[in-house]
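Try each task before you read its solution.

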Amino acid sequence: MSWRRAYFRFGELTARSHAETLCRHVRVSHPFAIVALCLIATGCESQKGYADLAELGSAYAGAVDRLLVLAGTVSVDATSERLLQDREIAPQTKEDYQKLSDIDVKRLALIDDLRKHVQLVANYFGLLQRLAGSDASDQATKTLEGTASSVSALGQRLRKNDLAPGADLFTTLTKIAVAGAVRGALKTELTRHGDTIRMELNTEEVLLRALSGDIKHDLDIVREIREARLVIVPFVASDSIKNYDEWMASRKAVLSMNAPVAELAAASTTLGKLREAFEGLMGGKLDDDRIRAVEGDFKTIIALTDTVKK
């Protein structure tokens with residue numbers, strides 16, 4: 001935590017502590033004073049919750065975007081290996097090539113749309129922070145409206161994609177009533193679009209899980225091909241291995257190929273936790289520890305993804 005953030009956090013805690021103390025000691029003959037002071041304490045907590053959610057949204061967008069870029073690269077590499085293997089087995093035609101290449105094109109388009117979707121949801125969380133603070137202007141409300149509409153439209157396109165899993169896997173979520181503690185423009189916005197954002201988070205969760213399964217299938221085939229060509233054949237050959245470091249690097253790369261699959265699956269699970277944290281805020285149940293834990297999960301995914309890319 002930076003000194004600036006620690007300073008403002010200390011200020012929030014101090015203000016809330018004073019307010020809560022006064023709430024306990026102001027005489028009952030001044031009920032309006034009690035209500036006002038208690039709202040100060042609640043307001044600080046509420047604003048901090050949405051600030052934490054915005055920060056979490058940034059970590060979530062960074063982690064998932066890195067994973068999706070890596071998933072696209074892995075997918076194309078896997079198809080290339082399969083094309084070369086098919087060519088070794090039998091003569092190939094342009095149609096044979098196009099059949100597998102078209103799947104890559106569709107999957108990359110799906111991944112591109114999913115990346116845009118993730119960024120829009122992260123932007124929505126950032127805009128909520130502004131609305132929870134002092135910016136409850138008509139422009140802020142319109143920007144949120146536009147962002148929510150864009151997320152919803154893109155989500156519908158994703159769910160209808162040829163490569164998306166069956167519609168039954170996209171869960172119909174029970175509506176959540178926005179807590180009474182949430183007031184004003186923020187309550188209006190969450191009542192209008194909160195369930196939409198929950199649905200879109202669920203869509204990302206399902207698609208990441210499906211992508212991890214598809215890519216795992218491809219990688220299982222590719223790993224076997226590459227291990228035979230780059231590791232086993234040189235190892236059992238009668239002549240000596242020409243470059244030990246190169247052989248070791250090839251073996252390491254082959255045996256580590258499934259790392260992106262594991263991270264995609266982990267991101268899908270963490271997205272479920274992010275949705276639950278958002279639902280908690282809608283229901284007025286702020287859970288700072290949950291938000292911090294989910295943020296930590298996404299930051300771990302970023303670190304692991306950067307390691308895999310190296």
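**Exercise 1. Decide whether Phe235 is buried or exposed.**

Step 1. Recall the cut-offs: buried means under 20% relative accessible area, exposed means over 50%, and partly exposed is in between (1.4 Å probe, protein chains only).
Step 2. Phe235 has a relative accessible area of 56%, so this residue is exposed.

Before you go on, a word about what you are looking at. This is a predicted model, where local features need pLDDT of at least 70 and side-chain atom pairs count only at pLDDT 80 or more, while totals for chains, interfaces and linings use all residues. Residues are numbered from 1 along each chain as its sequence is written, and side-chain values use heavy atoms, with hydrogens and water left out.

**Exercise 2. Find out which aromatic pairs the structure holds and how their rings are arranged.**

Step 1. Rings of Phe, Tyr and Trp (its six-membered ring) pair if their centres lie within 6.5 Å; planes under 30 degrees apart count as stacked, over 60 as edge-to-face and the rest as tilted.
Step 2. The structure holds three aromatic pairs.
Step 3. One of them joins Phe125 and Phe278: the ring centres are 5.6 Å apart and the planes stand at 45 degrees, so this pair is tilted.
Step 4. Now place the two residues. Phe125 sits in helix H3 (residues 94–132) and Phe278 in helix H7 (residues 259–282), so the pair ties together parts 153 residues apart in sequence. Helices (H or I, at least four residues) and strands (E, at least two) are DSSP runs, numbered from the N terminus.
Step 5. Both Phe125 and Phe278 are buried.
Step 6. Turn to Phe235 and Trp247: with centres 5.7 Å apart and planes at 25 degrees, the pair is stacked. Phe235 belongs to helix H5 (residues 184–236) and Trp247 to helix H6 (residues 244–255), so parts 12 residues apart in sequence are tied together.
Step 7. Ring pairs also link Tyr124, Phe125 and Phe278 into a cluster.

**Exercise 3. Describe the secondary structure of the protein.**

Step 1. Count the elements: there are eight helices and zero strands.
Step 2. Along the sequence, this gives the pattern α-α-α-α-α-α-α-α.

**Exercise 4. Where is the predictor's confidence lowest and highest among the elements?**

Step 1. pLDDT is the predictor's confidence in each residue, from 0 to 100.
Step 2. The protein averages a pLDDT of 78, and 79% of the residues score at least 70.
Step 3. Helix H1 (residues 3–25) has the lowest mean pLDDT (40) among the elements, and H6 the highest (92).
Step 4. Over residues 1–45 the pLDDT is below 50, and this stretch has 23 contacts in the model beyond near neighbours in sequence.

Technical notes
Contact = heavy atoms within 4.5 Å.
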